[in-house]
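Visitor: I would like to learn how the words used for a protein model are tied to numbers. Could you take me through some of them with care?

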Amino acid sequence: MRRITGEAKDETLIELQSVTDSHLGDGPAVLTVFRTNLHSDENGGNSVNSLPGHTETEKLQKNKDTVFFRDGVRRVDFVLSYVDDKDGEKKQERRRAFEANLEKEGLELETEDKSDSKDQKTYFLKIHAPWNVLATYADVLKIKVPFRTSDVPHGQDVPLEWLSHPFRLPEHIMRPHPDYFTYPFDKTKTDFFLISDKDTFFPPSTRNRIVYYILARCPYYKEGLKERDKTGIKRLLSNGTYTAAFPLHDCRYWKRARNAECESERYNFYQHWARFLIFYKEQPLNLIRKYYGEKIGIYFAWLGFYTEMLFFAAVMGVICFTYGLLSYEENMSSKEICDPNIGGNIVMCPLCDKKCPFWKLNSTCLSSWQSHLFDNEGTIFFAIFMGIWVTLFLEFWKRRQARLEYEWDLVDFEEEQQQLQIRPEFEIQCTNKRLNKITQEMEPYLPVTSKCARFCLSTATVIFWVSLIVACIIGVIAYRLAVYAAFASVIKDPLRKIQLVGRFITPQLATSVTASCINFVIIMILNFFYERVAIWITDMEIPKTHLEYENRLTMKMFLFQFVNYYSSCFYVAFFKGKFVGSPGNYTYMFGKWSKLRNEECDPGGCLIELTTQLVIVMSGKQLWGNIQEALLPLIRNWWSSRKGRRHPENHYSRWEQDHALLNFTQLGLFYEYLEMVVQFGFITLFVASFPLAPLLALFNNILEIRVDAWKFTTQFKRPVASKARNIGAWQEILNAVAILSVVTNAFIMAFTSDMIPRMVYLYAYGKNENMMGYVNNSLSIYNISQIHEHNMPEERGDWFGNSTTTCRYRDYRYPPGHQKEYTHTMQFWHILAAKMAFIIIMEHVVFVVKFLVAWMIPDVPTGVKARFKRERYLIQEYLHNYEVERLKLQLSASFITEPPSEMSLLTDKQEMVSECLLP
């Protein structure tokens, strides 16, 4: 091969060498390894521009926006980048050793000099995996490849299918390749598979997965020196030897690739998936799986299905809210509160010590009307509906997931994943070996003593951080108790000229809104720190497989997020207003010395405050999440791409354009799942307090799908393709949240809502079976003269003309002068019994329906089972026929090469007949 050289003899640009690697074939084989060095020395030297042959190298590659080597034939499967710095010698030595070992594995390398990069600092090492390497590792990883076009019908015609045409994508986008029967690759049976072109037989996602598998396990120590910790691209990235490692996108997202051999799938993503204006279109899941791998494909399939199911929950929520609006004028309780002759004549006891005055009931008129919008008869049916909706969502997702497992060849993947995807960190750090009873091979393991010590430290760390969250929530509660008095004195002060505000904002509402905002800020701060702690303690545990690592991190993060996001809602729903006491015997948070009297609910109940808390935390999290996901990547990519820019964008090479993009980390998908599961908790655990929560989630998820698609297509480097059979530990978390949601909504309807006391009054105590007189019935009487001195207001002026000697408070107790004064009435016990009965009945009804629905809906559709069995049968038949034909060829070859004896001929015929008769 002709060499292109510079002035010095050692400035060789293209080197040709032969490497013998007996591990890549059945016997010794000669593999040609190409290595292009476009610089004489990594620290500097003569640049390419000064070389006489530079014009000839430009002829080899006219288009810089390409995914091929300079010869235009070999595809770039992976790219490594690096820069020279002060610690250059050590890093050069590591790179030389690492790249030499990559060449021994059979990979082909080509280097781009820093003088051609836009910042004049970065070198790019392009990696190509030839057929022998791909075949070897496809056999090792048991990658399924096609061997015959499928003749199984894909599906049946759906009635009224024409109605879905506006939501459909073109067929070549939805099904980028025909259906095939697949089988794990075996390099000894290459003629069994549909190999028309070895260069394109393995798709780019499979190629970059194989190359990354090699990079993650390739050592960078010199031959003869075995240092186990000096292994893998991850360590080289962490110590700065390389600055980035990534596979290439196939083209620019706004324009098709010039080379016809490039698929331009990134362009198709942008046109048919990553734009918000086509939010109503279906997702190209098969194309996502082909380009990004099954793991990312499963995520978008789950997110899309979750969004579809949210539509039905949102419709029911809107109907429930509409019922509250339509029954607005029929709300007798609010009418009585707002009536100046009823609510205007009822004097309420002070809500806090010293600072809070006596007040009129009609001052809560607006909040009582607001409460009715969410706390009405329709809320009960909506809570029951959501309990059933959760079950339907989970069961139908299992069916959709089973269909994807079949269509994407993931049915038998779990065992392979456990055995083959051992983390390189586990192999490096676990030096102890033991015999695997199944494979009968020596494998690394973590001793029990070390495992227990690491587990104890991890558990203690998680408990500490959860306790820290609880402490912060207690601090927020103390804030609510402390500032309530301040808001009460300010809002009710007629000299401050804020009467207009005071008419619409009560002290309870002001306290709830400010406390919710403070709580949201604390949540985000704790999240920021705990994410790093959770990753650190999970790394310390040294999980064996990638699946085990993700599951452990998932459980730690969700436990923290559960306490962090939901604890304030649990407080408002189940604790606020429940342990108040009575005017003569108030309950204090830390005892009477703290002077922090427990909060009371409005006469209309605490449900409106729970709604406020839920709206602020849920909406704030969604808004902040969208800002982080959309604006931050855009700003960071713009900032990084503007540095060192020398030429127009279209003059950059494909690897330079991708190098400027953000890295998609291993935990990138984890955070996407976490965000959606936390949202799922909001719309299920507390949905009885805010029926519009599914509608907000639906709008957010429609935006989320397109924002995520836009990020993957335009802002992130192409992720390394990885496989996953399902959504992992998130499935069990969703199941647990679904069961817990039935309990929480039952308790919210019983103890937070005012619905049960109203029903008891309507059917047991009301006259003429109407709600007239309910407000007066729900308020107990207390003698003002019996209120303790430290509970009385500081200002002892003329309150309401001193026309009353009693005040009212929210409870069911006997009035002063009664022989059982200030003790609970029989109505209190009737209401408590009704609440407990409601909880038991609602939970049993919903759970029975849930389990009945789960039993009636099989996890795997019948059609998928039949197609899977049919495919298994055909695969066995084709394999049997292949082996029979192969045996015939071997026998015929033996007859030609050596005349057989009568005895051997008879034996061969018997073997052939017996082989053909095998099932």
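Guide: Let us begin with a term: a residue is buried when its relative accessible area is under 20%, exposed when that area is over 50%, and partly exposed in between, with a 1.4 Å probe and protein chains only. Strands (E, at least two residues) and helices (H or I, at least four) are DSSP runs numbered from the N terminus. This is a predicted model, in which local features need pLDDT of at least 70 and side-chain atom pairs count only at pLDDT 80 or more, while totals for chains, interfaces and linings use all residues. Residues are numbered from 1 along each chain as its sequence is written, and side-chain values use heavy atoms, with hydrogens and water left out.

Visitor: What makes β4 mostly covered?

Guide: Five of the five residues of β4 are buried, with Glu108, Glu110 and Glu112 on one side and Leu109 and Thr111 on the other.

Visitor: Why is Glu108 called buried?

Guide: Glu108, which belongs to strand β4 (residues 108–112), has a relative accessible area of 4%, and because the limit is under 20%, Glu108 counts as buried. The side chain of Glu108 also makes a polar contact with the side chain of Arg74 at 3.1 Å, where the term asks for a pair of N or O atoms within 3.5 Å, one able to donate a hydrogen and the other to accept it, and residues adjacent in sequence count only if both atoms are side-chain atoms.

Visitor: How do you know that β4 and β5 pair?

Guide: Two strands pair if DSSP finds at least two bridges between them, and β4 and β5 (residues 122–128) have five, in the antiparallel sense. In β5, Leu125 is the bridge partner of Thr111.

Visitor: Why is α22 called roughly antiparallel to α23?

Guide: Helix α22 (residues 668–685) and helix α23 (residues 693–715) pack at about 170°, with their axes 10 Å apart. Angles over 145 degrees count as roughly antiparallel, under 35 as roughly parallel, 65 to 115 as roughly perpendicular and the rest as oblique, so α22 is roughly antiparallel to α23. Contact here means heavy atoms within 4.5 Å, and the residues that make it include Leu669 and Met676 of α22 and Ala697 and Phe712 of α23.

Visitor: What makes Asp409 count as buried?

Guide: Asp409 lies in the loop between α13 (377–407) and α14 (413–420), and because its relative accessibility is 16%, under the limit of 20%, Asp409 counts as buried. Asp409 also has a positive phi of about 60° although it is not a glycine.

Definitions and conventions: Axes fitted to C-alpha atoms, helices over the stretch in contact; angles between N-to-C directions.
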